[in-house]
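This report goes through a structure by its confidence, its domains, its contacts and its packed helices. Please look over the sequence and the model before reading on.

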Amino acid sequence: MIKTGAEIIWECLERLEVEQVFGYPGGAILPAYDAMTKYNVHHVLVRHEQGATHMADGYARASGKVGVALATSGPGATNMVTGIATAMMDSSPIVCITGQVGSKLIGSDAFQETDITGITLPITKHNYLVTRADEIAPSLREAFQIAAGGRPGPVLVDITKDAQNGKCEFDWNAAAPKTRRREPVHFIEPHELSEALDLINSARRPVILAGHGIILSGALAEVLEFAERASTPVALTLLGIGAFPASHPLCLGMMGMHGEAWVNKAIQEADLLLAFGMRFDDRVTGNLKTYASAAKKIHIEIDPAEINKNVHVDVPLIGDLREVLQHLLPDVERKNRSAWLDQIESSKQDSAVRDIQNLPDNGHLYAAHVIQDLWHQTGGNAVVVTDVGQHQMWEAQYYHHEKPRTLITSGGLGTMGFALPAAIGAKFARPDAEVWVIAGDGGFQMTMSELATVVQEKIEVKIAIINNGFLGMVRQWQEFFYDGRYSSTPLLSPDFAKIADAFGIPGYTVRTRNNVVPTIDAARRHSGPALINFQVGQEDSVFPMVPAGADLDAMIRRPSVLVERTSDV
Amino acid sequence: MSEQLRQHTFVLYVEDQPGVLNRVASLFRRRAYNIESLAVGHTERPGVSRMTIVSLISEGAAQRVEANLYKLVNVLSVEDVTFIPNIARSLALIKVQLLEDSRRELLEIIGVFRARVVDLGPDSLISEITGTEDKIQALVEVLRPFGILEMVRTGQVAMSRGVKRLTNEDSRTRETLVLEQAASQSV
């Protein structure tokens, strides 16, 4: 069957079961947009190409399937860079298709020409420059395979205008990905398994470090069984949230820079760390020299490049987490480690007293209260998509996630502006789910133009803006580490409720605690998108906090003065 | 993780396609590791090129580079042959100034090094030498006083000894390889 390159793009996307693409048209991608009308793939018109990549990313994270973004050459392609880097850092499978100037014009500084394969080389798993129609189908099929395979990530396919216009025989089967090489075959040798099992069965104070890899490999049941069988408490990374039920007695909560003190203390006191699909990021280890120095470490990881990268491990087991755990589980002994669990439990007491959620309502609106109420009102069942900063950490602390893929957040790259577009993508993946955006006043303004996409596409997302009038996390660092010099962190914002109104979205403003729950309920009752601007305390900080590079158990705790100050008022 | 630097030699089989060299080099560039020498050429397999890359890096860095190189889609196999018994050679062309009284001595030196004279003119000669980096460097040092006009050196190429083809299925540990290397040197 003879088809144009542009038609082949959509033939492939249809056969790859892509339901929608997020994109923005332009000169070099015009042939593809023209052919699109003949195919059954829904196109979501974004307001900025960065939004398209975040939507594809949000879709991928909420569904586990590959998300697709589409843009033109030059500025269309360069606008995608932040979204691609975000997906790369958080192992999210997306395929970005960009138009490119005609192949004869490449290298001539033609209008809207940019070397996007060169630009995205270090932030993609792989990318393609396609200059002929007959290369489109094989490239796209392989791109999807690479994006979703092994450790997932972004792949970019740059297709010249003449390749889109060219005609060739379309043969789906002939375009099947060739096996270029053996996938890394890592034989886990019996002696490695037995070394791991010896450590596991003889450990007195083990802790599981649960990462994103559990969700990506679908190893939730195995991790749960492992933890219960071996009475091993579970600490979560930010992207590991949802990989283990928050309400489970063995769940400690988030570890690291803004993890609760008892979590980090347990890690520092452990005699065995079981790293499941996590990568010992500097945000979870603190000072590497003093990190869990008494503990042996077992690292189960699909990406060999992560082994011994930051932390030296005693037993690396390279492979798909679920498969490796299935090998280990039959020989993991049932143990009662109540002494260790009691020890951790006793160290919780002190922290709980300082906990902000126990503070009385004295007129000061805490973001933490807002998020806790949101958790309560949504029954913990919402898909929450956060932006980056203080509200993101409060979400991780106060919204308790029971299920995987219910917290979607930019962890590795820390991309402000992620939340709103990623939530749009997540809603496409989970149309029946209640989807909430939690964003700060800073990050929301980076991509709030996508409110128009929300309206045009009739996307029912609810938006909670945690508005403190500052770039809060940077302000917090300035307070703690730069003698309180608030350089460029005070932030003027528009009236977000009126902004919402201008888009035809109901907008609410909440300034007091007693209005939080009624307004959340009103937004939830409204069928369609809604936005709430929570005007919270300006200079609240996220506690506890491990300063960058400090020892993991050297935390800045919730100050008792905070308790006194607020109870005086 | 040792921070001690050592010359590591990586041998890669890669797809013979545009941009592959850039992808490989970029992994070194990103980490600010200098590539000391690089040689690329065809192999016995059509469509497959072979690269030999020498870089002065720590042991930990070498392990990460190897793991990350293997993640590149166009890289078919990669091996750090530093600790594997191997033959490593490079080639140099050295153009030396000819003065009336130096010709005889120059030819003697070139003979001693088992290098060859590939061009002889009235004012200069070009010597071709193949060997280890050390041997070439030794010849360069001896020729320098005569006046080196121009020099070009290929990157180092390396091949492991014996019938074993380079694969990633090497089950021997680095430690045993060091032992084997020590044993082969002692023979």
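Helices (H or I, at least four residues) and strands (E, at least two) are DSSP runs numbered from the N terminus. Chain B as a whole averages a pLDDT of 86, and 86% of the residues score at least 70. Over residues 166–187 of chain B, pLDDT stays under 50, and the model has 17 contacts beyond four places in sequence for these residues. Two residues count as in contact if their C-beta atoms, placed from the backbone, lie within 7 Å. The scores of the model are ipTM 0.88 and pTM 0.93.

This is a predicted model, in which local features need pLDDT of at least 70 and side-chain atom pairs count only at pLDDT 80 or more, while totals for chains, interfaces and linings use all residues. Residues are numbered from 1 along each chain as its sequence is written, and chains are lettered from A and ligands numbered from 1 in the order in which they are written.

Domain bounds come from an automatic or database domain assignment. Chain B is divided into domain 1 (1–83) and domain 2 (87–153), and chain A into domain 1 (2–175), domain 2 (190–346) and domain 3 (367–539).

| Pair of domains | Distance between centres |
|---|---|
| Domain 1 and domain 2 of chain B | 30 Å |
| Domain 1 and domain 3 of chain A | 30 Å |

The contact between these two domains of chain A takes 24 residues from domain 1 and 27 residues from domain 3. On the domain 1 side, the elements that give two or more residues are β2 (20–23), β3 (42–45), α3 (49–63) and α5 (81–89) of chain A. α3(A) gives the most to this side, with 11 residues. The residues of this side divide into 10 nonpolar, 10 polar and four charged. Here Ala, Val, Leu, Ile, Met, Phe, Trp, Tyr, Cys and Pro count as nonpolar, Asp, Glu, Lys and Arg as charged, and the others, Gly among them, as polar.

α3(A) and α5(A) also pack against each other, at an angle of about 25 degrees and with their axes 7 Å apart. That makes α3(A) roughly parallel to α5(A), a term for angles under 35 degrees. Axes are lines fitted to C-alpha atoms, for helices over the stretch in contact, and angles run from 0 to 180 degrees between N-to-C directions. A:Gln50, A:Thr53, A:His54 and A:Asp57 of α3(A) meet A:Thr82, A:Gly83, A:Ile84, A:Thr86 and A:Ala87 of α5(A). By class, this contact has two nonpolar residues, six polar and one charged.

In another helix pair of chain A, the axes of α1 (residues 5–15) and α7 (residues 136–148) come within 9 Å and cross at roughly 30 degrees. α1(A) and α7(A) are therefore roughly parallel to each other. A:Gly5, A:Ile8, A:Ile9 and A:Cys12 of α1(A) make the contact with A:Ile136, A:Ala137, A:Leu140 and A:Arg141 of α7(A). Six of the residues in this contact are nonpolar, one is polar and one charged.

Between the chains, 14 residues of chain B are in contact with 12 residues of chain A. α2(B) supplies the largest share of the chain B side, seven residues.

Notes: pLDDT = per-residue confidence, 0-100. Parallel < 35°, antiparallel > 145°, perpendicular 65-115°, else oblique.
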